[in-house]
Amino acid sequence: MTLSVGVMSVGVNDGFLDYAREAERLGVSSVWTAEFWGFDAFTPLAAIAAVTDRIRLGTGIAQIGARTPAMLAMNAMGVQAISDGRMLLGVGTSGPQVMEGWHGVEFSRPVQRTRETIEIVRRIVSRERLEYDGEVYRLPLPDSAGVPIRTVARVSEIPIYLASLGPANLELTGEIADGWIGNSFFTDTAPVFFERIAAGAEKAGRSLSDIDLTVAVSVEFTDDVAEAGRRHADGYAFTFGAMGSGSKNFYNDAFARQGYGDDVAEVQRLWRAGDRAAAAARVPIEIGLGTNLIGPPDVVRDRLREYRDCGVNTLRVNPIGSNTDERVAGLGQLMELVDEINREPIGRLTEPGGVQS
Amino acid sequence: MKVSVSVGSAYYNGDNWEDLVGYVCAADRIGVDSVWSAEAWGMEAVASLGYLAARTERIGLGTGIMQISARTPAATAMSALALDRLSNGRFRLGLGVSGPQVVEGLHGESFAKPLERLREYTEIVRMAINGERVAYQGQHYVLPRPGGEGKALKLAIPPNPSLPIYLATLGPKSLELTGEIADGWIGTSLVAAHADVLLGPIRRGAERAGRSLSDIDLQVNCQLEVSDDVDSLINRYRPAMAFTLGGMGSARTNFYNAAFTRAGFGDVAAEVQRLWVEGDKAGAVAAVPDEMVLAAYAIGTDDMVADRVRGLATAGVNAVRLGPVGKTATEQIAHLEMAVDLVQRATATAA
């Protein structure tokens with residue numbers, strides 16, 4: 001298992017470039033940006049490319065729909081061209097609130113839209129003369145002055161990662177993506193995700209081991225596990241209560257599929273009723289502890305091992321700290337712990353992804 | 001008058017990116033006003049500037065241009081603010097409509113009503129960058145999307161209402177729009193002797209908005225090369241002129257051709273385009289007269305180029321935008337130093 005880091009939580013400033021540089025020095029495999037309704041995901045990667053040499057550069061994620069599929073390809077090719085081929089293109093559908101509210105773009109048929117977007121991106125990167133006849137996208141625009149275009153840009157192949165939570169999107173990930181970007185993930189219910197990804201992979205004549213399985217966690221070294229676990233659990237009240245719409249909250253669905261349906265529904269109800277304190281208190285501490293690495297180094301090492309054993313290939317860690325130095329120190333400690341684990345023989349499971357065939 | 005440079009995006013296609021970075025770092029040291037990226041068939045304008053922001057200290061960074069149909073207004077605002085932050089406030093957002101071949105062919109978006117779309121798009125980008133809650137009722141853009149689940153959002157990061165927006169425009173109405181709503185103009189095809197063909201509409205738009213032409217930062221593309229062998233220079237640039245008149249856009253919409261027509265080269269522009277479209281490229285090149293090449297580019301002897309530069313400065317141009325000239329990085333940097341010196345000398349005399 002390798003470690004990667006996310007940088008957006010650090011903020012886009014001088015410190016974030018230092019952090020990326022230190023991560024590279026420590027041997028972290030990749031650095032990932034994010035995209036909400038602040039900065040875009042590609043531009044900070046371009047700046048990181050200017051101060052690093054080896055670390056891979058990923059969008060985690062770039063929103064499908066915020067740009068045309070061609071521009072998504074072009075953004076990725078831009079970073080690929082200036083980074084000597086270090087780009088990892090992570091994409092996701094975002095949600096209807098952001099797509100329809102902030103971008104003004106219809107949020108419909110997300111799985112089909114994602115499939116077609118990825119197919120178009122691949123064709124552009126491989127310099128096909130672009131003609132595409134999909135259910136969502138048709139290129140060139142029919143009955144228009146548009147001509148089939150072959151990009152003049154020459155870049156090497158760009159791995160595509162897909163952020164997915166629901167069964168159909170997980171299968172799509174297995175079928176067409178090079179990697180998976182996971183969250184809301186518990187190691188003991190890993191098959192909820194991996195079985196669907198494996199099913200999609202098999203449809204395409206591949207197996208789960210062909211897909212780089214990545215999961216994001218926060219890390220807090222502390223002796224007061226109860227306090228920190230409670231704090232991280234409290235933070236989920238916003239996710240369950242405020243994210244998504246009344247009818248659709250992808251995170252809540254993912255937690256429900258892992259056995260927390262009643263808890264999540266109750267948190268959402270309390271939040272909507274305006275009692276945010278009660279909503280926070282109602283989030284089980286197991287959710288805070290089970291989706292992050294919290295505790296003294298021995299506990300964190302055990303937790304790292306759980307991720308490795310269940311089949312996660314790349315753990316995207318966010319060491320909590322009040323400044324860059326503290327985060328870098330946490331990252332260094334994590335790299336030592338993961339090195340220790342990687343030297344151990346793999347124990348409980350032998351199949352990648354933890355899916356027993 | 002100042003000098004700016006454009007790096008295009010040729011590095012996708014074989015040019016050495018590190019050499020280009022070295023060129024821009026030299027421009028940064030020499031005191032060049034700004035560096036402009038470009039966007040075309042499969043090449044985008046943002047990544048190069050994100051990289052250059054981390055490697056330079058003073059030089060302005062501009063997109064020349066980001067094509068509006070390829071991203072939502074919000075997505076453009078997000079990239080603009082990232083570049084603004086990464087460069088500590090050196091970023092200038094250049095927007096343009098591109099053309100129907102690319103917009104409808106590569107991006108699958110309708111090219112209809114580009115002028116109205118550009119106005120609405122720029123207004124929405126400005127709202128987002130200003131940190132306003134983005135709710136907009138336009139003819140082409142409505143935010144949030146009607147009937148959808150979205151609600152009006154505002155930026156989740158600190159805004160920057162002073163982030164300048166430049167428009168790349170050529171037609172009379174879009175030039176007026178530039179004068180009316182933009183902070184700067186990304187100009188091409190400006191013939192100094194006929195500057196009013198393009199600057200007149202910008203002035204009218206500016207005055208309509210209670211401003212003047214001098215409130216708009218006029219950045220004009222202009223190849224600059226000095227040699228005593230003027231004939232060779234003309235012959236070297238003649239094919240580029242023919243391509244601009246005949247090969248850009250489509251036979252129906254070639255904004256460059258139209259701009260030169262308005263500047264008094266109508267007969268030649270039509271003939272060159274006719275030959276080019278018929279496939280007689282050699283004939284098209286041969287049909288471009290010397291004086292048109294000299295009018296369009298700052299080429300010739302030192303005196304001729306200085307004269308041409310003075311003409312642009314007198315017309316109100318704030319910066320000439322040059323592309324790299326020379327085979328090696330060293331030659332390109334030497335050329336840039338020469339150009340900065342020449343422009344300073346020429347316009348000091350004018351002042």
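This is a predicted model: local features need pLDDT of at least 70, side-chain atom pairs count only at pLDDT 80 or more; totals for chains, interfaces and linings use all residues.

1. Chain B splits into domain 1 (2-224 + 309-332) and domain 2 (228-300). Their C-alpha centres are 25 Å apart, and the contact draws on 16 residues of domain 1 and 15 residues of domain 2.

2. Between them, the two domains of chain B bury about 1,300 Å², with 66% of that on carbon and sulfur atoms. On the domain 1 side, B:Leu170, B:Val191 and B:Gln223 contribute 33% of the buried area, more than any other three residues.

3. On domain 1, α4 (100-105), α6 (172-181) and α7 (196-208) of chain B each give at least two residues to the touching side. That side has nine nonpolar, seven polar and no charged residues.

4. Turning to the chains, 56 residues from chain B meet 59 residues from chain A. About 4,700 Å² is buried there, 69% of it from carbon and sulfur atoms. B:Met78, B:Arg145 and B:Glu149 lose the most area in chain B, together 14% of what that side buries.

5. Two salt bridges link chain B and chain A; one of them joins A:Glu100 and B:Arg145 at 3.2 Å, N to O. There are also 13 residue pairs in polar contact between the chains.

6. Have a look at α3(B), which supplies the largest share of chain B's side, nine residues. Overall, that side comprises 30 nonpolar, 15 polar and 11 charged residues.

How values were computed:
Residues are numbered from 1 along each chain as its sequence is written. Chains are lettered from A and ligands numbered from 1 in the order in which they are written. Side-chain values use heavy atoms; hydrogens and water are left out. Domain bounds come from an automatic or database domain assignment. Contact means heavy atoms within 4.5 Å. Buried area is the accessible area (1.4 Å probe) that two parts lose on being put together, summed over both. Helices (H or I, at least four residues) and strands (E, at least two) are DSSP runs, numbered from the N terminus. Ala, Val, Leu, Ile, Met, Phe, Trp, Tyr, Cys and Pro count as nonpolar, Asp, Glu, Lys and Arg as charged, and the others, Gly among them, as polar. A salt bridge is a side-chain nitrogen of Lys or Arg within 4 Å of a carboxyl oxygen of Asp or Glu. A polar contact is a pair of N or O atoms within 3.5 Å; within protein, one must be able to donate a hydrogen and the other to accept it, and residues adjacent in sequence count only if both atoms are side-chain atoms.
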